[in-house]
Amino acid sequence: MKLHINNAVLELVEGDITAMDTDAIVNAANERLMHGGGVAGIIAGRGGPTIQMESDAWVRAHGLVPTGSAAITSGGNLQARQVIHAVGPIYGAVSRPAELLASAVRAALQLADDHLLKSVALPAISTGIFGYPMEEAARVMLRAAIEYLEEGTELERVVFCLYGQPTFDVFAGELAAQTE
């Protein structure tokens, strides 16, 4: 499923984000950039120790990554050259979770732009162990990405790489609703 916005394409695919052929993939990270479980653990495992080492160095140099923001490392052994670590909210633990989730998406896309990347793939941030309801996350994340692309960007391709058909179906339904 694709949507053309200005000179960019927003695309939904079902699959494994670590196999994406994009300049960067987005990791659903925590503030400490400790990639132990969920999507983060899979990305760090497949990308090799470089990703965790660079994440540790980033935290030493800059401090914790605040919720709603992002950091960037190389992609290690992944096909993607870089990994953008976006910190989404823990649902129910913060006020304004939608604002923070949208901010994490914008921060990830801005980092891709700042590093002159042309393509980036995002997972369903915060919907795993952070407990964000899938339908609301799809609405917030897609709206944030669409608005970012409408404002103008050097990005040519933004892919939501969604794990499992049920997740893909929720995002596809929400994208259809937002573009009617």
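Visitor: Buried means under 20% relative accessible area, exposed over 50%, and partly exposed in between (1.4 Å probe, protein chains only). Is Leu-33 buried or exposed?

Guide: Leu-33 is buried, its relative accessible area being 0%. The model is predicted, with local features needing pLDDT of at least 70 and side-chain atom pairs pLDDT 80 or more, while totals for chains, interfaces and linings use all residues. Residues are numbered from 1 along each chain as its sequence is written, and side-chain values use heavy atoms, without hydrogens and water.

Visitor: Where does Leu-33 lie?

Guide: Leu-33 belongs to the loop that runs between S3 and H1. Helices (H or I, at least four residues) and strands (E, at least two) are DSSP runs, numbered from the N terminus.

Visitor: What is the phi of Leu-33?

Guide: The value for Leu-33 is near 55°, which is positive in a residue other than glycine. Ser-126 also has a positive phi, near 75°, and is likewise not a glycine.

Visitor: And Ser-126, is that buried or exposed?

Guide: Ser-126 is buried, with 5% relative accessible area. The loop between S6 and H4 contains Ser-126.

Visitor: On to the sheet. What is the strand order?

Guide: The sheet is open and has seven strands, ordered S1-S2-S7-S6-S3-S5-S4, with mixed pairing; two strands pair if DSSP finds at least two bridges between them.

Visitor: Which strands stand at the edges?

Guide: The edges are S1 (2–5) and S4 (70–74); each has a single partner strand, so one side of each has no neighbour in the sheet. From one strand to the next, the twist averages 25°.

Visitor: How many bridges join S4 to S5?

Guide: Five bridges do so, and S4 and S5 (residues 82–87) run antiparallel. Within this pair, Ala-70 has Ala-86 in S5 as its bridge partner.

Visitor: Which strands does H1 touch?

Guide: Helix H1 (residues 38–47) packs on the sheet and touches S3 (24–29) and S5. The direction of H1 makes about 135° with that of S3. Axes are lines fitted to C-alpha atoms, for helices over the stretch in contact, and angles run from 0 to 180 degrees between N-to-C directions.

Visitor: What does H3 lie across?

Guide: Helix H3 (residues 97–114) lies across S3, S4, S5, S6 (119–122) and S7 (157–162), and runs at about 155° to S5.

Visitor: At what angle do H3 and H4 cross?

Guide: H3 and H4 cross at roughly 40°, and their axes come within 9 Å. On the H3 side, the residues that meet H4 include Leu-101, Val-105 and Leu-109. Among their counterparts in H4 are Val-140, Ala-144 and Tyr-148. Contact means heavy atoms within 4.5 Å.

Visitor: How do H4 and H5 pack, and at what angle?

Guide: H4 (residues 134–151) and H5 (residues 165–178) pack at about 50°, with 9 Å between their axes. Leu-142 and Ile-146 are among the H4 residues in this contact, and the H5 residues include Val-170, Phe-171 and Leu-175.

Visitor: How many residues apart in sequence are Ala-57 and Gly-36?

Guide: Ala-57 and Gly-36 are 21 residues apart in sequence, and in space they are 17 Å apart, C-alpha to C-alpha.
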